[in-house]
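Trainee: I would like to go through the labels on this entry and ask what each one rests on. Could we start?

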Amino acid sequence: MPKNASNDRKLVVLEAAQFQALLRALQDGGYSTVAPTLKEGAIVYDEVATVDELPVGKTDEHAGGSYRLKTRKDKAVFGYVVGPHSWKKFLHPPTLRLWQVRRNGNGLEFVHTQEQPPKYAFIGVRPCELSAMQIQDKVFMAGEFADPIYQGRRENAFIVAVNCSQAGGTCFCVSMKTGPKAQSGFDLCLTEVVEKKSHFFVVEIGSDRGAALLQDVPHSEATPEHLQKASAAVEQAASQMGKTLDVSDVKDLLYRNAESPHWEDVARRCLGCANCTMVCPTCFCTTVEEVTDLTGGNAERWRKWDSCFTSDFSYVHGGSIRTSSSARYRHWLTHKLAAWDDQFGSSGCVGCGRCITWCPVGIDITAEVQTIRSSETSKPK
Ligand code: SF4
Ligand code: SF4
């Protein structure tokens with residue numbers, strides 16, 4: 001886990017030409033370097049060896065139900081926002097074998113899954129995604145029982161965050177106070193500045209581990225001019241938010257509107273595909289399945305990501321609790337923006353916009369809340 005220094009963090013400059021040296025230093029330190037990369041027409045997170053595997057010179061356009069990659073006019077390394085993946089796929093794997101039982105003569109041999117946690121260096125973690133990790137930390141590690149798989153991977157992870165210098169069409173981190181500048185939870189945080197004749201990163205050192213790593217990476221002191229350019233880049237992102245969400249009183253607003261007719265309106269559009277929960281960096285629900293082989297010699301229990309958008313998810317002894325699409329959408333949205341606060345002391349939404357971009361019919365959490373809010377003010381007194 002990154003150990004952040006005081007607010008008085010040191011800032012240095014890394015020339016873009018030295019970015020590979022940062023990757024190499026992490027790899028030499030035993031980390032698998034995971035970063036944005038291009039696959040199947042989207043920017044996803046995967047293991048990379050060199051900077052050439054990042055989406056250099058690419059950008060993305062987001063709208064409700066729409067995602068398009070474009071080529072930039074410059075060679076920005078991080079000139080896009082977030083794609084369909086989030087870092088939870090590495091910390092909270094989509095499928096995981098929990099245990100296995102094998103026939104052994106006349107007895108059974110029980111094998112519990114215990115892993116040597118991988119050492120990941122996450123490169124390009126956006127401020128909203130750092131907030132999402134901090135939310136999942138509460139879910140998986142803060143209670144009486146910690147998830148050992150998540151905890152091992154999280155404690156090993158080296159975090160290279162990237163402040164946003166542009167916002168996507170579905171981003172609303174400013175409303176959720178999670179971006180576009182990272183405040184804590186990183187080892188190093190980069191702000192990229194791309195100009196005609198220069199291309200550099202201002203690097204904020206967030207932990208002793210980050211400072212130690214930089215000793216192996218050529219860098220220089222940041223000047224006031226470097227810092228001013230980095231601040232201007234982040235301010236530009238803040239001024240470009242694609243969406244806003246009015247969160248004032250949102251918990252009570254949603255609790256007051258549990259019977260709003262608007263939930264039926266959403267249900268008429270919702271396909272129940274569960275995309276919104278799969279792409280969300282804070283959603284954490286799982287199911288378990290048991291499987292056997294055909295000989296009966298081996299049985300396994302697997303944990304898999306699940307979604308509150310399926311009727312099976314709320315099946316309890318004889319029936320589902322949430323039998324309609326309206327009940328399922330109401331549950332999801334009310335959990336994210338209201339009940340999450342009761343459970344974990346914060347919102348369950350970080351404003352990344354993925355659930356809007358990747359909803360095939362463009363259902364928009366910000367617009368649905370606004371419609372409910374407006375319905376109260378338009379009610380006859
Ligand atoms: S609810 Fe939507 S906008 Fe909020 S964190 Fe999840 S995917 Fe991102
Ligand atoms: S809100 Fe959109 S993404 Fe979520 S289940 Fe419904 S159709 Fe799918």
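Mentor: A helix here is a DSSP run of H or I with at least four residues, a strand is an E run of at least two, and both are numbered from the N terminus. The model is a predicted one.

Trainee: Why is His 317 called exposed?

Mentor: Exposed requires a relative accessible area over 50%. His 317 has 79%, so it counts as exposed. Its phi is also positive, about 40 degrees, although the residue is not a glycine.

Trainee: What makes Thr 282 buried?

Mentor: Buried means under 20%. Thr 282 has 1% relative accessibility, so the label applies. The residue lies in the loop between α10 (275-279) and β13 (286-292). Beyond four places in sequence, its contacts are Ala 132, Ile 135, Gln 136, Lys 336, Trp 340, Gly 348 and Val 350. Its C-alpha is 7.1 Å from that of Cys 349, a residue 67 positions away along the chain.

Trainee: Ser 131 has an accessible area of 16%; why is it buried rather than partly exposed?

Mentor: The limit is 20%, and 16% falls under it, so Ser 131 is buried. The residue is part of helix α3 (residues 127-141). Leaving out residues up to four places away, Ser 131 touches Thr 178 and Val 350.

Trainee: Which residues surround ligand 1?

Mentor: Phe 172, Cys 280, Pro 281, Trp 332, Lys 336, Cys 349, Val 350, Gly 351, Cys 352, Gly 353, Arg 354 and Cys 355. Two elements give two or more residues each to this shell, namely α11 (325-344) and α12 (354-357).

Trainee: How do you know the class make-up of that shell?

Mentor: The count is eight nonpolar, two polar and two charged residues. Cys counts as nonpolar in this scheme and Gly as polar.

Trainee: What makes helix α1 mostly covered?

Mentor: Seven of the 10 residues in α1 (residues 19-28) are buried. They are Phe 19, Gln 20, Ala 21, Leu 22, Leu 23, Ala 25 and Leu 26. Just after α1, Gly 30 has a positive phi of about 90 degrees.

Trainee: How many aromatic pairs does the structure hold?

Mentor: There are 22. In one of them, Phe 19 and Phe 201 have ring centres 5.4 Å apart and planes at 40 degrees.

Trainee: Why is that pair called tilted?

Mentor: Centres within 6.5 Å make a pair; planes under 30 degrees apart would be stacked and over 60 edge-to-face, so the rest are tilted. At 40 degrees, the pair of Phe 19 and Phe 201 is therefore tilted. Phe 19 belongs to helix α1 and Phe 201 to strand β11 (residues 199-205), so the link spans 182 residues. Both residues are buried.

Trainee: What makes Phe 78 and Tyr 80 a tilted pair?

Mentor: Their centres are 6.4 Å apart, and their planes meet at 50 degrees, so tilted is the label here too. Phe 78 and Tyr 80 are both buried.

Trainee: Which residues do ring pairs link into a cluster?

Mentor: Tyr 45, Trp 87, Phe 90, Tyr 120 and Phe 122.

Trainee: How do you know that Lys 88 sits over the ring of Trp 305?

Mentor: The charged end of Lys 88 is 4.5 Å from the ring centre of Trp 305. The cut-off is 6 Å, with a further condition of within 35 degrees of the ring normal. Lys 119 likewise lies over the face of Tyr 31, with 4.4 Å to the ring centre.

Trainee: Where is there a cis peptide bond?

Mentor: One runs from Gly 179 to Pro 180, with omega near 10 degrees. Pro 180 is in the loop between α5 (173-176) and β10 (188-194).

Trainee: What is the average pLDDT of the protein?

Mentor: It is 95, and 97% of the residues score at least 70. Residues 1-6 have a pLDDT below 50, though this stretch has 20 contacts in the model beyond near neighbours in sequence.

Terms used: Residues are numbered from 1 along each chain as its sequence is written. Chains are lettered from A and ligands numbered from 1 in the order in which they are written. This is a predicted model: local features need pLDDT of at least 70, side-chain atom pairs count only at pLDDT 80 or more; totals for chains, interfaces and linings use all residues. Side-chain values use heavy atoms; hydrogens and water are left out. Buried means under 20% relative accessible area, exposed over 50%, partly exposed in between (1.4 Å probe, protein chains only). Contact means heavy atoms within 4.5 Å. A residue is near a molecule or strand if one of its heavy atoms lies within 4 Å of it. Rings of Phe, Tyr and Trp (its six-membered ring) pair if their centres lie within 6.5 Å; planes under 30 degrees apart count as stacked, over 60 as edge-to-face and the rest as tilted. pLDDT is the predictor's confidence in each residue, from 0 to 100.
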